[in-house]
Each structure stands twice: as C-alpha cells, then as structure tokens.
Amino acid sequence: MTEIALILLSAVLVNNFVLTKFLGICPFLGTSGKVETAVGMSFAVMFVMTLASVCSWLVQQFILVPLGLEYLQTIFFILIIAALVQFIEMMIHKTSPVLYQALGIFLPLITTNCAVLGVALLNVQQEQTFVTSALYGFGAAVGFALVLILFSGLRERMEVSPVPALFKGSPLTLITAGMMSLAFMGFSGLVKI
Amino acid sequence: MPAMLRNLAQRLGMMAHSFDGGIHPAQHKISAALASEPCPLSPIHILPMKMHIGAPCTSLVAVGDYVLRGQKIAKSEGYVSVPVHAPTSGRVVRIEEYAIPHPSGMGIPSIFIESDGDDAADDSIEPISDWRGMDPALLRERARMCGLAGLGGAVFPTFIKLVQDSRFPIETVVLNGIECEPWLTNDHRLMVEYADEILTGLAIIMHMVKTDSAIIAIEDNKPDAAKAIQLALDARDDLDDVRVVVLPTRYPQGSEKQLIYSLTGREVPAGKLPMHVGVLCQNVGTTRALYQAVVLGQPLTERMVSVSGDAMPRPANLRVRIGTPMRYVFARQGLEDFDGVRILHGGPMMGELLRHPDVPVVKSTNGMLAMREASFMSAHTQEQACIRCGHCSEACPAGLVPNLLADQCRSDQFDKAESYNLFDCIECGACSYVCPSNIPLVHYFRYGKGQIAQQRREKGFAEASRVRSEARDMRIEQEKQARAARRSSVRKTHPPKVEAESAPASEPAESSKMEQESKD
Amino acid sequence: MTGLFYALLSLGGFALLAGVVLAIAQQVFHVEGDPMVDKVDNLLPQTQCGQCGYPGCKPYATAVAALEAEVNHCVPGGERTMLAIADLMGVEPKAVEQEAAAPMLAFVREDECIGCTLCIKACPVDAIIGAPKQYHTILADHCTGCELCVEPCPVDCIDMLVKPELIEHWSWPLPKTRRSQLGHERREHHAGHA
C-alpha cells in the first residue's frame, strides 16, 4: 500500500514528467491556451499513457524478452502508442468535433510524445511489475494533466492581464513555465524514507 | 468577520441573516427632515412614450387635442407595458422625439402638453372603496391601466408582479422602504408623511396575492419613518401579521434579492424571480401609488422626487408631476447655472449621469442630484492597475469576482465573463466604490452586458435570416422540380416525332434523379 | 536467422492485430459529414451577401471547415466573427480585409418602382414583397443589408440606408480610460492588427 502511494506521489508531484523530467513540453505549451482544450488533452494523454504502459509491459514481458528481441523495444512501443492514439483520435472526432479541432496537430503528435514513450521505456528500465507499471503510467499522466490544467488556467489569466509588450506571448509563457517548474522542484524531499 | 464564519453562524440561527459584502458610503441625506412640498405646474410637460421596462406605447392623441389630468394619452402595446397619462390639463402641442433621462442621451417619441393652469382632472376612473370584496384580477387591471410601474427606479410594470400563481404562492410581501442610496430621501418622506396610505396600499397588495404576512423593511438611519409606520400600523385594526423590521444601514440593502435574503434567509436563485421563493417585493412609493389608483381612482401622474446634491442651493423633497422638465424643477430650487455642475438622475451609486437638464421627470426619477464637478470620483481618467487586493470581491453583494470579470469584459472575452456569472451582477457599484485603483468596474460590466446582448440579438437575426434563406432555397428547388415534372408530362402526352422512342425512356429517369438530388 | 524471422513475425503480427482493432474502431466511430460546417455556419451573420466570394454563408462555412478558405473573408461579420471562427478552428486570426460598414437597410423608392420583380428574385432571404406590375417594398425587419437587390434593379430605385439606431439597442461603450484602451489594443494584437 505504501508503495502504491509512493509511486503515485512520485509520478504526480516529485518526479513530475513535465516540470521535473522535462518530457512532453511540446503539448504542454501547445495545448495550454484554453482550459477546455487542456482538459481534453489531459484526458487523451491519460488514456494513452496508462494503456501504453500496460501494453508495453505485456509486450516486453511476453514477446520481447522470451524471443530475445529487446532491441525492437522502441519500434514496438511506438507501434502500440500509435495504435492507441489513432483510436482516441477517432473517438474524439466522433464525440467532440470542437475539441478535435482545438487539439489539432497535437492529438496525432501524442504518438511521438516523449512523455508517453518515456513512461514505457522507464517502466522497462526500472523493472516495474505489471501493477506498478500501470500505476506509474497513470500517475505520470495525472501529473501531466495537473500541470497542464494549472498552466492553462494561468495562461487564461495572463491573456487578460496588461503585460509589458516585451513579454507578450511566448516569453511570458516560458517564464511562467519555468517558475512552475521551480515550484514543483520544491516537492523533492517531500517524502523521507 | 470572515464570510464563512458569518455564514455558519447564520445557518445555525446564532446571527440574523444578512447579505454578503456591501459598503457604507457617506449618507448625505440632507433633505431627510424637509417636509415634502408640491412642485408648481410647469407651463409644458413632456411625456415620453416609454417610461417603464418593456414595449413602448403608441399615442392616442393628436396635436391640438385638449386633455385632462389623468387622461390616457398613450396606450400600451404588448404585455410588459403600461399606458401613459396626462399629468395636467392642457393642449397637446407637439409629438416628436425628445431626450429622456438615459445614459445614451438619445430620445424617444414624446407628447408635449401645454398646461392651461386649470389642472382639471379626468374622473372617469371610479374610486374603489370596497376593494376587499373585489376580484384581484380586476384590481390588477386597475394597476395596469393606471400606469403603475416600480417607482424604486426599475420601473417594471407593477401589475405583472401582482398575480396569484398556484405554482408559486406568495407567502410574504416585502415592503421595501430601505432607500440605501446616499442623498435620496423620497421614500423616507413618503413613509413619514403618508404612512397610512402606504399601509392601505400594502393591504391591497396582500389581498391581491392572498397572503396575511408582510414585512416592512426600513434601514436604521430612518428611525422617524419606522416610528411613523409603526404608529400607523398600531392604529389600524387589520394587518395583524405585519412586522416593521429595522435593518442596519448597509448599501445595497435595498436591492431586491439582497433584501429578501436579509429578511427571510431565502436566496433567490440566479435567473429566477422573488416569487419563485414565495416573496413579493414592492417599493413604498409604488405601494402608495397603488392606493391612489385603487382607492382614489388616480392614475400615476405624480411622484416624490428628492432634489438634492452638494451644488443644490435649496434641497427639497418635491411631489412632481411626471413630464415636468428637469430644468424647471432645478430652477425652482434655485439652480439655473449648470457650469461646473453635473446632474445625476437617481442616486450617486446607480443613477445615470445626464448630459444636460433638458429632460423630463419620468416614472423612474427618484432623485435629481446636482453635484459639483470636484466632488466626483475621478475614476474615469485615473484608472490604475489592479493590485489584486480583493476588496471588490469582499464588497460584492452578489458574490462575484469583479476584478476578473472586468479583465474579461475589457478584453472582450464575453463567453468567459458569462460563465463567471456576469449577469448576476446587479450593477450596484459597490466594487467600483471600494477599488483603490479607481477601476470603473461597473462600467466594464455594463459594457460587457451590452455587448453580449447585442451579440444575442445579432445571433437571433442571423438565425431568422438562415431560416428564410433555407426556405427560399427549398422553394426554388421545388419550383424547378415542378417545372421539370410538367415538362416531362407534356412530352409524354405530345411526344416529339423525331425522338419518339428515346424521350419517354430517358425523361422519367432524369426527373427521378433530380428528385433524389434534392432529397440529398 | 531465426532471430530475424521471429522479429519480423512478431512485429508483423502485432501490427496486423493493431490494424484490425483500428479498422473495427473506424466502423464504430464513423463520422458522418463534417460536423464543423454547422458550427462555423452558426457563427456567420447569415446575410447571404456573397462578399466572401462564396454564393452564401453555408458554402463559405463548408470551405472554412475544409480549410480551403481563410477565416477572414466575412465582411459583414467583421473582426468579431473572424475571431470566433479562428478560435473555433484553432487557427491564427488574420486581419479582416475590409472594415465592416454600419449595418444597412435596403429601401425601395416606391413611386419609381416599375414592378419588375427582379429584386424579389435576387433577395436571398425573401425580404421583398410585391407582385408583377405592383410596387415592391422591403421588410425592414428581415433585410440583411446584403445589397444584392441593388444591382438587378433596372430603374435604380433601391437605396441603401443606414439602419436607424434604437435606444433599446444602445449599449454602454468601454470606459474611456487609458487602461481600458490598453486592453483593447491587446485584443487587436490578437487579431493580427499590430
């Protein structure tokens, strides 16, 4: 039980994928313009990340290791992720055309999202079990969703605030992301074992 | 006290209910002790065709007609509307557009009546002394035909509220004698001088909505009014279940929803009316006007107006005929030079700044304030950056976040402003009053609301245009089909000699293909 | 050699499996038409004026939804419509080419009208009434001010008048402070003006 809590806590806060490991920065900046878009993206990433880590664990354990094909890890994992992304893309197109339009290119780009591939590869690296890898994938996705939604909220506020011309747009966005990252790094040392 | 703690205490019954937020502006009720006096008849009266919320009226008189006081001169069109009556006897001299007290400075068609000085009254409306035995529906019609509209300033047609709806039975009538705006004292004087008439009006309202219980709410800065009402109440043998409640002075206590919460602890949900929580709220002025309409048979042609302000030589509470030019009223009170003076229609918190005094007194005129320019808040020119102190949120009686809403309205993010409940804003001005950065918050909200309303109008118009355009396309398509069908039937009966063999075979196929296309 | 065989077989098999699953999903989540067309069409002012270069609002909406047309061609809609469409489509706003004029109404000078019905045929919203050899008149409540009836009129008896401003439709302007203008400049910056 403690282990589960620790994995979740670590993935969500302490080792946050976006702000501590700096993975998945591209959708983090690209889809955080509006809260609605960010929420949609978060759910898409959550779906893909959790299933990708589960599937990749299964493939790793039951196909790659027995056949001695560990060198095909990357291509297998990308295949899994691509299939999942295709699936969620169709689903979003059907259920919410506006979200589909808003996510635009960032939805298919989840395929090459380093956070998603990263979680699959890290699972293998860290020799997780089936349950812990699923948890780790889910936790990482929740962490991603957390910072993405927080950040989009901040950006919505910044949109309506008077900002010096020098900082308008991307500079302020990047500075804010940096400051959020600093804040999240404060979580290291949160748990003493 | 922190809002949460207060809320808890109120729920536990340890503290009386009271609305959130609010402010304590300086009172300036300098005309409070001045007994009301009638304003003499002006030589000309200007009656705009619309002095209420709702549809405008259409004129019943022509230039040159002689009218009597109380004669209906414009009839209401539509349900949410009340007619206009002549304020005195005289001749109709002009019917043309004239400026009304409105922030736009624009005008609407108005009837000009030149007073003949006789002030002869039209007595065609029968007084009703036995209103207790009358059908409420007839009394309601009386309220409508006498032109009654909320005299607190909102001028919503009164008769609409005076209704028995079996789905929403009225349990309590709230008589609003709060008058929380600084400077204004017209309701105060009404309560002191016409307590008994107000109570009779209240009794009529209670008879109309079939309830025995009522609350008369008065702020504690008007102890004489509370005393006068209480004395009049004690002297009557009816109205047993009527209480006079004296509330601590706080702006905007007089706002309907806030007052109902303070008195009953019931919150009127967003977009709902007081009747949905079993309450009917009426202003004391309207209640007296109802008494006059029913018991005396007098249409609404006169109202109490506070004439005050720091630039006013002789402040007063005047009973002014509706339609009297404001310049005439000001002149009577000694103000003729408007240099360096700004005129407010209504109170300083919610009233409108007028561009010039050449507008008539209308049904919503509860006050006419002449203020020195120097005493105006310089918010309009000196807006500074928001420092996020949160005073506006604390002051907001509707529980909104004014600074965020203002940012959204300023940058035209109206859908977001709407999702932050912009339309729950009552425009009381408490947020602008407390803002240390002089941000004209309410103006931003008014801008936002106006823009949203305009967008909705445009949307509605676009929708209607689309329907018409689609109907036209369909009609054209049908006509084309009908022509094709006619052509093919003509050819069938008189087949051309050369193509006798091929035509009948190909034509039906073509027309059926066309039909299919149109279905797609 | 067997290693390579296994590798090809497992990868191919896995890809086939994923393909089959996706093919089924494609059937389940099949989208009929383009749902964005209606959403874009809803934002357009429906004047049917054709100033965008398309025969009406719906065709323009179809072109925008298919990413064939830019978002800034609707003249009567002006900047606000352009921003709304850009926002919906998730594309960069572009400056509106032509300032939207004040809303107009067409008006027939009836004593000059010869009753030819050509304007009636041209009106995209059926806002003109009349019959052959009878005076025609335009229903002001339904006229979109598209000017399509002006051109066909053989006697030039149709005027475009500025739509009268109503006090009920008056709305508060932005407060005239320096900061409120700052806010507006920002908005224009987003619209690609700056």
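**Note on the predicted model: a sheet in chain B, confidence, cysteines**

1. Chain B contains an open sheet of four strands in the order 2-8-7-4, with antiparallel pairing. Strand 2 (44–48) and strand 4 (66–67) of chain B are at the edges with a single partner strand each, so one side of each has no neighbour in the sheet. Strands here are DSSP runs (E, at least two residues), numbered from the N terminus, and two strands pair if DSSP finds at least two bridges between them.

2. Strand 7 (residues 90–99) and strand 8 (residues 107–115) of chain B run antiparallel and are joined by nine bridges. Opposite B:Tyr98 is B:Ile108 of strand 8.

3. This is a predicted model, in which local features need pLDDT of at least 70, side-chain atom pairs count only at pLDDT 80 or more, and totals for chains, interfaces and linings use all residues. Side-chain values use heavy atoms, without hydrogens and water, residues are numbered from 1 along each chain as its sequence is written, and chains are lettered from A and ligands numbered from 1 in the order in which they are written.

4. The average pLDDT (the predictor's confidence in each residue, from 0 to 100) of chain B is 88, and 93% of the residues score at least 70. Over residues 499–520 of chain B, pLDDT stays under 50, and the model has eight contacts for them beyond four places in sequence (contact: heavy atoms within 4.5 Å). Where pLDDT is low, the predicted coordinates should not be read in detail.

5. Zero disulfides (cysteine sulfur pairs within 2.5 Å) are found over all chains. For B:Cys425, the closest cysteine sulfur is that of B:Cys431, at 6.4 Å, too far for a bond. The sulfur of C:Cys52 is likewise too far for a bond, at 6.2 Å from the closest cysteine sulfur, in C:Cys49.
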